[in-house]
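Me: I have a model open and a few questions about it. Can we go through them one at a time?

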Amino acid sequence: MRGRTPWVVVPLAAVGVAYVALPFAALLQRAPWTSLLDEVRRPVVTDALQLSVTTALAATAFSLVIGIPLAWVLARTSIPGRSSVRALVTLPMVLPPVVGGAALLFAFGRRGLLGGPVYDTTGLLLPFSAWGVVAANTFVAMPFLVLTVESGLRAADTRYEDAAATLGASRWTIFRRVTVPNAAPSIITGALLCWARALGEFGATVTFAGNLQGRTQTMPLAVFLALESDRDAAIALSLVLIAVSLAVLVPLRDRWLAG
Amino acid sequence: MLHAVLGVHLGDLHLDIDLRIDDGEVVALLGPNGAGKTTALRAIAGLHPLDHGRITLDDTVVDDPGTGTFVPTAERSMGMVFQDHLLFPRQSALDNVAFGLRARGASKAAARHAARAWLDRFDLTDHAGALPRTLSGGQSQRVALARALATEPRLLLLDEPLAALDASTRLRVRTELRRHLATFAGARLLVTHDPLDAIVLADRLVILEAGRVTQTGTPALVTSRPASRYVAELVGINLLGGVADGERGVLLESGTVLTVADPLPGQEVSVAIRPRAIALHRHQPDGSPRNAWRATVADLEADRDRVRVTLAGPVPVTAELTPAAVAELDLAHGTPVWASVKAVDLTTYER
Amino acid sequence: MKLHARARALAAAWALAAVLTACGSDADGDGERAAAGTDEVTTASTAQGGTRAAAPDAAIEGTVTVFAAASLTDAFEEVAAAFEAGNREVTVELSFASSSTLREQILAGAPADVFASANQSNVEELVEAGAATGAADFVENELQIVVPAGNPGAVKGLADLADDDLLVGLCAQEVPCGQLGREALAKAGVTPSIDTDEPDVRSLLTKVGAGELDVGLVYRTDVLAAGEAVEGIDLAPDQEVTTTYPITTLTDGGNPEAGAAFVAFVLSARGQEILASYGFDPP
């Protein structure tokens, strides 16, 4: 393919790389290298990092459990109003996250549409807890998984499912042992996008789950508050967040998207 | 035993056929693209519901829109070999073969044990752990067949089982497939557009054109007495239509009368002429050939060691000559010739 | 046909998004002005400017550009309108943002005549840099306990913030209202049982207004601006904490006479009257 490179693409691609790279370079340039180690060892950082990683993982897990079936329905069925359902499911991508967080509050909060009755009968409360962070993350990040898996399912050859049916497989067995494995690359890509989005989630989290160190304060929240008072700390926190994301995303992307 | 009365409307296709296959019989559904072969197979498999008709497998009705009966694919006792074989790409050959047994409730160990026996039977012992993409076309075809047979179905369906193979392996795999098909006792239905596959593999051919059966019979019958231009062209035989003119004369559309050796079977007849039975001459032949006519060479086409010569004139046929004969006659496009065929080389049958 | 279907789907998505966004911002609307509290500082200044005596009688004209802390938005719009009514030749251009953002803009050469800050240190920095000539405190804002309308948690005073059964929100200690809140709690000797440290006044008010929190600590002006969704409870006199807002003219302004006149108007009885109607106290 070397000889076929359309040369105009190269400088444009270079601009693309530079546009993304420059802000990160600037961040590195401003980084308080001498005190970095002390900064990242502070409990506020370790608490936030641990919470961010686990809640993003939990949100990804929830998104997989409900997002894959949702993607399947969108890709494979012709239920009435399917395009409206798709539009609805992708709304959290275009919605300002703060609005999403407020909407979650009105739905699942103590006075919420669903949260109200649940709280009144069981005393269970989603906001101001780590589960609230997971709920906000799932709301905002799941569309990335759903859209990716849906397009993967659309591209998949459905005749494999016919083949499985002729072998006596039930619909559930077909879904589990043929459909999902055949869509594995898109599921993995979707899960990575979902996790990455959840890791960086700020607006919906702070609006729905609040902000308390060790309970609901994720990395982005910690970074935001640090920016108010201590820029060095904010940059140090950001670097930790970037390092963690790269450590996860680079090897996985190479492994799953190379072939 | 399968009895399928199929009525399916799908876009421009109106499938309307009555198909019966006895246990032990191999039937090939042969037809051009778009004739409805695959749709027929999918309807039998339950992958496409009938609009009308009825499918009976042994004594069980599996699809009858009239009574609202529909047995889902997974619950019909049949195996299917797909075009491109469709082996599950992330499962080993062994797991592919074990899939149907697992799906029908066998334990993993039991399914694998049985699958291994099937692989042994199909000379695939060494490929049990192989992923489909590492298998050759022939191996993949055998895995697909083993997978379809592992659940011991009463009916085996094969959709263009050889289409995915290249020409060099096709011959060998076709022979293998014939051998393996012979080991299966149930009814077998094979869909193909390749007449050679159909003739080699099937006991009986069913010719499907535009959703309807145009001819059915043994390969020998169909190839010697094609009922339609499609089959005639497929098997390389000249087919002419005409009406009886006296006891041994066939009046063609062009007004020419061909003389045949045996008494005619009816009023409306088909006349089949093998291309090799037609002789070409520069001058009007005399002697034994009872039929001779003037023609013009319309086309010349090399076909392996023979040359196919298409003739224009009162009897539109193709003759097959050796290259030496073509040279000797100095044939070229537009060359005027005399064509002749012996009465005994004309096969006539009722249209 | 495919394209059509897709275009319709997209249109539907946008329509829905628009509706939800509108709902959302409506819901958050209460917090618009409240966001301002963020920039206020705790250290009250006693600096007195020398402009208090100036009267708007000199012939002034042209445009006067006023940079003001976001918490002053509603109040300053009315102040500016009143100022324009008394000085027909003058147009006031208002620009609202957080005090620190405005400070940076002024240092970067933005052509402003007047700066009204919610924060002493921002003005001090400008004076040090020679960009401002001196400042006068023009209002005071005090902290109030905020509860949802009807006070479902039956909150009476700061001591209730220690109640584990109540959902308690404060501003984060990184932002001024959080520092001020902690100051008040320390004064009262209360260790709060905090459920969330909100990053700004606006999000704290949203949650209290929605009834998701039982109690919070914000500025009195924010409580007033939030309308009927919330109620304010004054702190006990011995627990009171306040912050003062300074105003100053700027050296690089294009219309110093009009700038000085605007500052004088803000400090005048009429200006103070308007500010008081928005819940600000005189300094």
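Me: Is Ser71(C) buried or exposed?
Reply: Ser71(C) is buried, because 32 other C-beta atoms lie within 10 Å. Buried means 20 or more other C-beta atoms within 10 Å of the residue's own, exposed means 12 or fewer, and partly exposed is in between, with C-beta atoms placed from the backbone. This is a predicted model, where local features need pLDDT of at least 70 and side-chain atom pairs count only at pLDDT 80 or more, while totals for chains, interfaces and linings use all residues. Residues are numbered from 1 along each chain as its sequence is written, and chains are lettered from A and ligands numbered from 1 in the order in which they are written.

Me: Where is Ser71(C) found?
Reply: In the loop of chain C between strand E1 (62-69) and helix H3 (73-86). Helices (H or I, at least four residues) and strands (E, at least two) are DSSP runs numbered from the N terminus.

Me: Which residues does the UniProt "binding site" annotation cover?
Reply: The unreviewed entry lists Ser71(C), Ser99(C), Val201(C) and Tyr219(C). Such annotations may be inferred rather than shown by experiment.

Me: And Tyr219(C), buried or exposed?
Reply: Tyr219(C) is buried, with 31 other C-beta atoms within 10 Å. Tyr219(C) belongs to strand E7 (residues 215-219) of chain C.

Me: Switching to chain B. At what angle do H2(B) and H4(B) pack?
Reply: About 25°, with the axes of helix H2 (residues 93-103) and helix H4 (residues 137-149) 7 Å apart. Axes are lines fitted to C-alpha atoms over the stretch in contact, and angles run from 0 to 180 degrees between N-to-C directions. That makes H2(B) roughly parallel to H4(B) (under 35 degrees; over 145 is roughly antiparallel, 65 to 115 roughly perpendicular, the rest oblique).

Me: Which residues meet there?
Reply: Ala93(B), Asn96(B), Val97(B), Phe99(B) and Gly100(B) in H2(B) meet Val143(B), Ala146(B) and Arg147(B) in H4(B). Contact means C-beta atoms, placed from the backbone, within 7 Å.

Me: Now the chains. How many residues of chain A are in contact with chain B?
Reply: 13 residues of chain A, against 17 residues of chain B. H8(A) gives the largest share of chain A's side, six residues.

Me: What classes are on chain A's side?
Reply: Seven nonpolar, four polar and two charged residues. Nonpolar covers Ala, Val, Leu, Ile, Met, Phe, Trp, Tyr, Cys and Pro; charged covers Asp, Glu, Lys and Arg; the others, Gly among them, are polar.

Technical notes. Two residues are in contact if their C-beta atoms, placed from the backbone, lie within 7 Å.
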